[in-house]
Amino acid sequence: MLEMSPETLREELRHGSGPFLKRRRAIAGLSIFSCTILGGVALFQIGVRKHLPGPPIPGFAPDEIHGSPEAYAYLGVPDAFLGMTSYALTACLSGMGPNDRARWIPLAMTSKTLLDSVVAGKLVAKEIFKFRKFSLRSLLIAAATFTALSLALPEGIRAWRR
């Protein structure tokens, strides 16, 4: 990757059409979508919101899921804040650099989306097998996360082979 001026980088990111740029934009959008959903959960977890609405379908219990002791078990902070931080990092990696970016960036982005997918899968599995209840928010975030991984893989594989 050659040094690039901020103006050139801006034009490339905003108007470019490189082979992976459309995928990177989608990964950023999916990550920000997940941050947005988690923002509502975070407001519930710190008491700004008193209830998380969910579909009126048996088995959906967002208050129980996101208000469980496990949701407060890591680093002394509600887990939605950690999730927002994590997805913000994924968004940053997707927006980092021009079309021909340093090899480590797509490798880091792909690794991060893989890690995100493992965590999302583990959390949904916990809802299914431990709580036997669901949160629509968790399912939406997991779907966005798995989609982001599928979008990141081609650039990550290309970077790995270089």
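How do the residues that line the largest pocket divide into nonpolar, polar and charged? In this predicted model, the lining comprises 16 nonpolar, five polar and seven charged residues.

Begin by selecting D79, G83, V119, A120 and L123, which are the closest to the centre of the largest pocket among its 28 lining residues. The space there amounts to about 710 Å³. Next, colour helix 2 (21-45), helix 3 (62-66), helix 4 (79-95), helix 5 (104-131) and helix 6 (136-161), each of which supplies at least two residues of the lining. Helix 5 gives the most, with eleven residues.

**The salt bridges.** The structure holds six salt bridges, and three of them are visited below.

Select E70 and K130, whose closest N and O atoms lie 2.1 Å apart in a salt bridge. E70 belongs to the loop between helix 3 and helix 4 and K130 to helix 5, so this pair ties together parts that are 60 residues apart in sequence. E70 counts as partly exposed, at 22% relative accessibility.

Move to R101 and E155, where the side chains form a salt bridge with an N to O distance of 3.0 Å. R101 lies in the loop between helix 4 and helix 5 and E155 in helix 6, 54 residues apart, so that distant parts of the chain are linked. R101 is buried at 1% relative accessibility, and E155 is buried at 2%.

Finally, select K112 and D116, which meet in a salt bridge at 2.5 Å, N to O. Because they stand four residues apart in helix 5, about one helical turn separates them. D116 is buried, with a relative accessible area of 6%; K112 is also buried, at 10%.

Notes. Residues are numbered from 1 along each chain as its sequence is written. This is a predicted model: local features need pLDDT of at least 70, side-chain atom pairs count only at pLDDT 80 or more; totals for chains, interfaces and linings use all residues. Side-chain values use heavy atoms; hydrogens and water are left out. On a 1 Å grid over the protein atoms alone, a cavity is a set of points where a 1.4 Å probe fits but cannot get out, and a pocket is an open set with protein on both sides within 12 Å along at least five of seven lines; lining residues have an atom within 4 Å of a point. Grid points are joined across faces, edges and corners, and a volume is the space filled by probe spheres set on the points. Ala, Val, Leu, Ile, Met, Phe, Trp, Tyr, Cys and Pro count as nonpolar, Asp, Glu, Lys and Arg as charged, and the others, Gly among them, as polar. A salt bridge is a side-chain nitrogen of Lys or Arg within 4 Å of a carboxyl oxygen of Asp or Glu. Buried means under 20% relative accessible area, exposed over 50%, partly exposed in between (1.4 Å probe, protein chains only).
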